[in-house]
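Let us walk through this structure step by step, beginning with a term that the later steps rely on.

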Amino acid sequence: MKTKLVRDKIPNIIMHAGGSPRYYVAEVPEYEARLISKMAEELHEFRENPCIEEAADMYAVLSALCGHWGWTMEEVRVEAEIKQRHRGGFDERYVLNLEPIFEADDDTEDWLTTSHGEKV
């Protein structure tokens with residue numbers, strides 16, 4: 001059985017068009033996994049066709065992800081601004097060569113660590 005997470009009004013739209021949608025409400029762990037997969041799907045569609053409609057789809061999924069975890073889009077925007085102030089944005093189009101650029105004991109390597117403690 002092929003399934004996918006869809007927008008809230010899709011079952012009603014199908015019914016009003018004369019169809020009989022078969023659907024269920026996902027439990028929380030499945031919903032979380034499907035939201036993340038949906039973002040990957042929307043990103044793929046944006047890669048294939050970069051347009052405002054595909055960007056809006058990514059925005060809608062991001063909004064659902066944030067809402068699910070209890071964040072507002074405003075909180076995410078503020079966090080993005082903080083990161084931009086400290087690390088910059090992506091406007092300059094810099095691409096970093098990830099070959100080792102510091103000696104192993106050099107403390108300046110800290111800036112290459114993500115907020116999750118992973119090395120870039």
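Predicted model: local features only at pLDDT ≥ 70, side-chain atom pairs only at ≥ 80, totals over all residues.

A residue is called buried when its relative accessible area is under 20%, exposed when that value is over 50%, and partly exposed when it falls in between.

Consider Lys38, which belongs to helix 2, the helix covering residues 28-48. Its relative accessible area is 12%, and because this is under 20%, Lys38 counts as buried. Which residues does Lys38 touch, if those up to four places away in sequence are not counted? The contacts of Lys38 are then with Lys4, Leu5 and Val61.

We can turn next to the surface, where Ile36, Trp69 and Trp71 together make a nonpolar patch of about 340 Å². Of these residues, Trp71 is located in the loop that runs between helix 3 (52-68) and helix 4 (73-87). Is Trp71 buried, exposed or partly exposed? With a relative accessibility of 46%, Trp71 lies between the limits of 20% and 50%, and therefore counts as partly exposed. The value for Trp69 is 37%, so Trp69 is also classed as partly exposed.

When ring centres that lie within 6.5 Å are taken as a pair, the count comes to one aromatic pair. That pair is formed by Trp69 and Trp71, whose centres are 6.3 Å apart and whose planes make an angle of 20°. Because planes under 30 degrees apart count as stacked, the pair of Trp69 and Trp71 is described as stacked.

Conventions:
Residues numbered from 1 in each chain as written. Heavy atoms only, no water. Patch = residues over 30% accessible without salt bridge, like charges linked within 9 Å, V, L, I, M, F, W, Y side chains within 5 Å. Areas by Shrake-Rupley, 256 points an atom, 1.4 Å probe, with all protein chains shown as cover. Salt bridge = Lys/Arg side-chain N within 4 Å of Asp/Glu carboxyl O. Helix = DSSP H or I, 4+ residues; strand = E, 2+ residues; numbered from the N terminus. Buried < 20%, exposed > 50% of the residue type's maximum accessible area, 1.4 Å probe, protein only. Contact = heavy atoms within 4.5 Å. Phe/Tyr/Trp six-rings, centres within 6.5 Å; stacked < 30°, edge-to-face > 60°.
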